[in-house]
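Me: I have a structure here and would like to know what the terms used for it rest on. Please take me through them.

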Amino acid sequence: MEFGFELALAARLESEWPVVSRQLGASVHDRRVMDLVCVEPGPAFDERVALTPETIPPAAIESKVGPGRARYWKEAFDCHPERAERAVEAAVECGFFERERRSSRTYVRQVTRYPDWFDRLVGVENKPDLGRPGALETQLLTDVKLGLLDAVVLATASHVTGAHRNRIPDEVGIWQFDPETGERTVLREPEPLPVDEPGIDICDRSSARTEIQVADTGEKKRVRRALAERAYGKGWRTYGMPACAQVDPDEHGLPYCPWKGRIVRPATECGPDCGGHDPAEPPGFDPEALRAARTSWEPDPDGRARRQTGLERFSE
Ligand code: SF4
């Protein structure tokens, strides 16, 4: 139920936010994964669109490589050399860096200055059935204390009672969402979280003693940018269609199965073990074309630098 709810909500949010993604890490020291993240555009969003459709590696953005003079790559990164090398490769591959060889060394520079492209980040925790809340309260409290995202919302299909509201931190917004009709009702607006102040990461609640770590503003800024980049490159249509004649994707590319009467999760629900399975070629499904048609994300921007992979070997 949660998978179908999540995809249906992502499809709905895509009509309002230019970038929507799912299942992204949203903590500084912990492994908290946010169900959905919506990115609001910043002043230079168009420049980001023109740069590359992919995630620009955060290590490349954080490095000392700028748009002016080309730098010897080994002197421009503070991280482990292997991570640095991977970041250089990925940044060249996606068109953010260009490289040149001088004697036997690789020098790199930014093709264009990294744009100030995103503004607010809104996290959505999905809990279609509030009757089975799991660790919901603690998760939301963690998000509020950390303040990594500008706003956090709980989305549910359940009827929300006063008792539910009282258990959800005041800062967290509440949406009621009907995955069948796509109707979203805002029951409570979220309060802005202090993203520019240090936050508290609650890391381990398994032991008797709760382990916490302070996340300073620099770390939060770095993780926010990595999160926004990941969301931009990943989007939310990260699934494939099953090799089954029953599946009937809708206009948003949601994997609807008439036999089950709902959206299915192909990776775990489809195959010979399913009673309705009818082997066939998977139906045509082009997640990039769907995303490009519905948002300003551009899969093949004009201004993109020519890919250099394969033309030039990486050298010392
Ligand atoms: S394998 Fe089963 S769940 Fe998947 S599309 Fe076919 S009938 Fe539906």
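Reply: What follows is a set of questions about the terms, each answered from the structure. This is a predicted model, in which local features need pLDDT of at least 70 and side-chain atom pairs count only at pLDDT 80 or more, while totals for chains, interfaces and linings use all residues. Residues are numbered from 1 along each chain as its sequence is written, and side-chain values use heavy atoms, with hydrogens and water left out.

Me: Why is Trp117 called buried?
Reply: Buried means under 20% relative accessible area, exposed over 50%, and partly exposed in between, with a 1.4 Å probe and protein chains only. Trp117 has 0% relative accessibility, so it counts as buried. Its place is in the loop between strand 5 and strand 6 (118-126). Helices (H or I, at least four residues) and strands (E, at least two) are DSSP runs, numbered from the N terminus.

Me: What makes Asp143 buried or exposed?
Reply: Its relative accessible area is 6%, and therefore Asp143 is buried. Asp143 lies in helix 5 (residues 136-146).

Me: Why does Asp170 count as exposed?
Reply: Asp170 has 54% relative accessibility, so it counts as exposed. It is found in the loop between helix 6 (162-167) and strand 8 (173-178).

Me: Which class of accessibility does Gln23 have?
Reply: Gln23 is at 34% relative accessibility, so it counts as partly exposed. Gln23 is in strand 1 (residues 19-25), and it has a positive phi of about 55° although it is not a glycine.

Me: How do you know that the span of helix 4 agrees with its number of residues?
Reply: The expected span of a helix is 1.5 Å times one less than its number of residues. Helix 4 (residues 81-93) has 13 residues and should therefore span 18 Å, and its end C-alpha atoms are 18 Å apart, which agrees.

Me: What puts the buried residues of helix 4 on the same side?
Reply: Ala84, Ala87, Val88, Ala91 and Val92 are buried in helix 4. They cover an arc of only 125° around the axis, so they are on the same side of helix 4. The arc is that of the directions from the helix axis to the C-beta atoms. The exposed residues Glu82 and Arg86 are on the face of helix 4 turned away from its buried side.

Me: Which residues are around the ligand?
Reply: A residue is near a molecule if one of its heavy atoms lies within 4 Å of it. The residues around the ligand include Cys244, Cys257, Trp259, Lys260, Cys270, Cys274 and His277.

Me: How many residues of each class are in the shell around the ligand?
Reply: The shell has 7 nonpolar, 4 polar and 1 charged residues. Ala, Val, Leu, Ile, Met, Phe, Trp, Tyr, Cys and Pro count as nonpolar, Asp, Glu, Lys and Arg as charged, and the others, Gly among them, as polar.
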